[in-house]
Amino acid sequence: MNLFYGDDINLITGDMKRPVAATIGFFDGLHVGHKFLIERLVSISKERGYESMVITFSNHPRLVFSTESDLKLLSTGEEKRNMISNYGVDYCLMLRFTKEFATMTSGQFMEVLAERFHVKLLLVGYDHHFGSDVRSGFDDYKRYGAECGVEVLRMKPVVRSGLTVSSSKIRKALMNGDISLANNMLGYHYSVTGCVVKGNQIGRSIGFPTANLYVDKEKLPPKCGVYAVWVEVCGCVYPGMMNIGSRPTVGGDKVTFEVNIIGYEGDIYGEFVCISFVAFIRDEIKFESIELLRKQLEKDKEKVLSILSN
């Protein structure tokens, strides 16, 4: 996959040899709806002898217009690029969303796509809107496209668990601890990657050593609590028990990410670990003693292994 990256789409020129079929969106998390859209894009491109291009953004538009927004993302920019490349897309245009870009109308945007990137077909999501003319809809896009030689097609929504799939619904599910629903809509296990840093080693003293992770601040953490997870470390995958929370039993005062990697022994400080969430086990609890915490962790471990074995 060829990557174009820049702040101003008017200064980027594509080196396409054939006509291009494109789609546009933020594509946070690359869920099953996005997958359906991009796979259809690639399929149409091959049928027509076109090249395929995904147009997306390195930053979320909401964060540009509201500096106080607490929006967290399902995927980092690197994760998103890697997932897009797995679909066999020819080109990815990764733009930085700016207030200047936001002034461009949908018609002006399609003109740029046609002139600079040879786009002949634009595939849009069922409810996707783009351009400063926010009241414009699919019929308007078709009309604007016809004026500059771009055919516009719209995809149908994808439904999972009785809900139309969207990134916002997945974020809500994760914040509610509904890992099953989130994973069903994503089409894979939600994951976070973090660097192992020094902790207070209380877990080690009670027989449950944990790797303390520093996680990218833009990444959405699931609801605080205990989870059954898969842990990828040093090229191998292990079952794990993850705790997200402030560790009230030991007087913690900030949210941390700690994982007990079951069956792993060794020093992994400084290593990057990928955590894939499988199931929510329980809420975080303040225990009256460390011994009661240890006994609960034994029960949690038993439950985690039972879930992961299935």
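A residue is called buried when its relative accessible area is under 20%, exposed when over 50%, and partly exposed in between, using a 1.4 Å probe and protein chains only. Keep that in mind as we tour this predicted model, in which local features need pLDDT of at least 70, side-chain atom pairs count only at pLDDT 80 or more, and totals for chains, interfaces and linings use all residues. Residues are numbered from 1 along each chain as its sequence is written, and side-chain values use heavy atoms, with hydrogens and water left out.

**The whole chain**

The protein chain has nine helices and 14 strands. These elements are DSSP runs numbered from the N terminus: helices are H or I with at least four residues, and strands are E with at least two. The C-alpha atoms fill a box of roughly 70 × 40 × 40 Å along the principal axes. Of the 310 residues, 50% count as buried. A contact means heavy atoms within 4.5 Å. Among contacts with a separation of 6 or more, 74% join residues 24 or more positions apart.

**A strand wrapped up inside**

Let's start with strand E13 (residues 256-261). Six of its six residues are buried, so E13 is largely enclosed by the rest of the structure. In a regular strand, side chains alternate between the two faces of the sheet. In E13, Thr256, Glu258 and Asn260 are buried on one side, and Phe257, Val259 and Ile261 are buried on the other.

Which strands pair with E13? Two that do so are shown below, where pairing requires that DSSP finds at least two bridges between the strands.

| Strand | Sense of pairing with E13 | Bridges | Residues standing opposite |
|---|---|---|---|
| E10 (residues 211-215) | antiparallel | three | Ala211 and Val259 |
| E12 | antiparallel | six | Ile244 and Phe257 |

Tyr238 also lies in strand E12. Its C-alpha atom is separated by 7.0 Å from that of Gly263, 25 residues apart along the chain. Leaving aside neighbours within four places in sequence, Tyr238 is in contact with residues including Val229, Trp230, Ile261 and Tyr264.

Helix H9 (residues 290-309) has 20 residues and reaches 28 Å from its first C-alpha to its last, close to the 28 Å expected at 1.5 Å a residue. That expected span is 1.5 Å times one less than the number of residues. Which residues of H9 are buried? They are Leu293, Gln296, Leu297, Asp300, Val304 and Leu308. Seen down the axis of H9, these fall within an arc of 110 degrees, so they line one face of the helix. The arc is that of the directions from the helix axis to the C-beta atoms. On the other side of H9, Lys299, Glu302 and Ser309 are exposed. The buried residues of H9 pack against strands E11 (225-233), E12 (236-245) and E14 (272-282).

Helix H5 (residues 138-148) has Phe138, Asp140, Tyr141, Tyr144 and Gly145 as its buried residues. They cover an arc of only 155 degrees around the axis, which puts them on the same side of H5. The face turned away from the buried side carries the exposed residues Asp139, Ala146 and Glu147. Covering the buried residues of H5 are, among others, helix H4 (106-117), strand E5 (119-124) and strand E6 (151-154). Just after H5, Gly149 takes a positive phi of about 80 degrees.
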